[in-house]
Amino acid sequence: SDLSCLPISLAMVLRRDALAVPWKGVNLGGWLLLENGPSYPLFEDHLSEQGEAIKCEWDLLQVMQAKFGKQGTAAIIHKHREKHITKADLQRIKELGMNAVRLPFGYWVVMAPSADEPYVGPAIEYIDRAVGWAEECGLQVVLDLHGCPGGESGEIPCGRLRSKGQWHWRQWRFKKSLETLDLVARRYKSRRCVTGIAVCNEPSNTVPLQTLCRYYDQAVDTVRGAGMAVEDVTVVLPIYQREEDEVIEKWERMTGDRHRNVCFEDRKS
């Protein structure tokens, strides 16, 4: 299991809201979105036809489905989801003095993937399970839409690695992403342990800033409209490979600073 510390720096918007109890926790990576680092046993067991290592969930599932069929692959993924993270992991996180977990998931865990996609889903019962464990263990949860419909980039963390030129930002299905957030927010709006929701992960810096901020504006409205109250849940808006000041300035101009309890997730890598 990947229980490394949360790799994020949270920069509050100019209004400088602050969490009553700041998150200090770990990332439950490789569970509900497969990456070749934290999900390494699966990737080591299933190589390409040429015997080469596979790097993303999409390619892994295609190789597995060619070997085992859709049902056989679904059974393997089910076994992984049953064992990769357990309640004992969250109990240990609490014992180590942490107060939060970040739960990355692909949109296909929340709703059925498109017919032409190899993803195995939906499987929202695992998010239910994680939230229930967190409540029992006294941990906060940051729900993280890690893989958006169409991908917020062409990189491994969104579920599908694509070579240069094979992914364009217009392939990101913004409307479907908002539908995913709406479903998640409505389902967990009354769960007190859920204190954060991230609206995507590491969006490509080729997405026009105007477009990205528009999506973020709509995403915050979606989360609030679905019942996640401003006093209870922080909405996390990722900055990735962009200048923080530029993003915040554009955000301020577009929104008039009307949103409360939102923060930017700033990664310098």
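**Rings and helices in a predicted model**

Just after helix H5, Gly138 takes a positive phi of about 75 degrees. The model is predicted.

User: Why is the pair of Trp31 and Tyr126 called edge-to-face?

Analyst: The ring centres of Trp31 and Tyr126 are 6.4 Å apart and their planes stand at 75 degrees. Planes over 60 degrees apart count as edge-to-face, so the pair is edge-to-face.

User: What does the pair of Trp31 and Tyr126 tie together?

Analyst: Trp31 lies in the loop between strand E2 (25–27) and helix H1 (40–45), and Tyr126 lies in helix H5 (residues 125–137), so the pair ties together parts that are 95 residues apart in sequence. Both Trp31 and Tyr126 are buried.

User: Why is the pair of Tyr215 and Tyr216 given another label, tilted?

Analyst: The planes of Tyr215 and Tyr216 are 50 degrees apart, with 6.0 Å from centre to centre. Under 30 degrees would count as stacked and over 60 as edge-to-face, and the rest is tilted, so this pair is tilted.

User: How do you know whether Tyr215 and Tyr216 are buried or exposed?

Analyst: Buried means under 20% relative accessible area. Tyr215 has 1%, so Tyr215 is buried. Tyr216 has 0%, so Tyr216 is buried too.

User: What makes Arg160 a charge over the ring of Trp58?

Analyst: Arg160 lies over the face of Trp58, at 3.8 Å from the ring centre, and the distance limit is 6 Å. Trp58 also belongs to a cluster, linked by ring pairs with Tyr107, Trp108 and Tyr119.

User: How does the length of H5 compare with the length expected?

Analyst: H5 has 13 residues and reaches 18 Å from its first C-alpha to its last, close to the 18 Å expected at 1.5 Å a residue. Its buried residues include Tyr126, Ile127, Trp133 and Cys137.

User: Why are H7 and H8 called oblique?

Analyst: Helix H7 (residues 209–225) and helix H8 (residues 244–255) pack at about 60 degrees, with axes 10 Å apart. Roughly parallel needs under 35 degrees and roughly perpendicular 65 to 115, so H7 and H8 are oblique to each other. Their crossing is right-handed.

User: What makes H6 and H7 roughly parallel?

Analyst: Helix H6 (residues 174–188) and H7 pack at about 25 degrees, with axes 9 Å apart. The limit is under 35 degrees, so H6 and H7 are roughly parallel to each other. The crossing of H6 and H7 is right-handed.

Technical notes. Residues numbered from 1 in each chain as written. Predicted model: local features only at pLDDT ≥ 70, side-chain atom pairs only at ≥ 80, totals over all residues. Heavy atoms only, no water. Phe/Tyr/Trp six-rings, centres within 6.5 Å; stacked < 30°, edge-to-face > 60°. Helix = DSSP H or I, 4+ residues; strand = E, 2+ residues; numbered from the N terminus. Buried < 20%, exposed > 50% of the residue type's maximum accessible area, 1.4 Å probe, protein only. Lys NZ or Arg CZ within 6 Å of the ring centre and 35° of its normal. Expected span 1.5 Å × (residues − 1). Axes fitted to C-alpha atoms, helices over the stretch in contact; angles between N-to-C directions. Parallel < 35°, antiparallel > 145°, perpendicular 65-115°, else oblique. Left-handed = near helix turned anticlockwise from the far one by under 90°.
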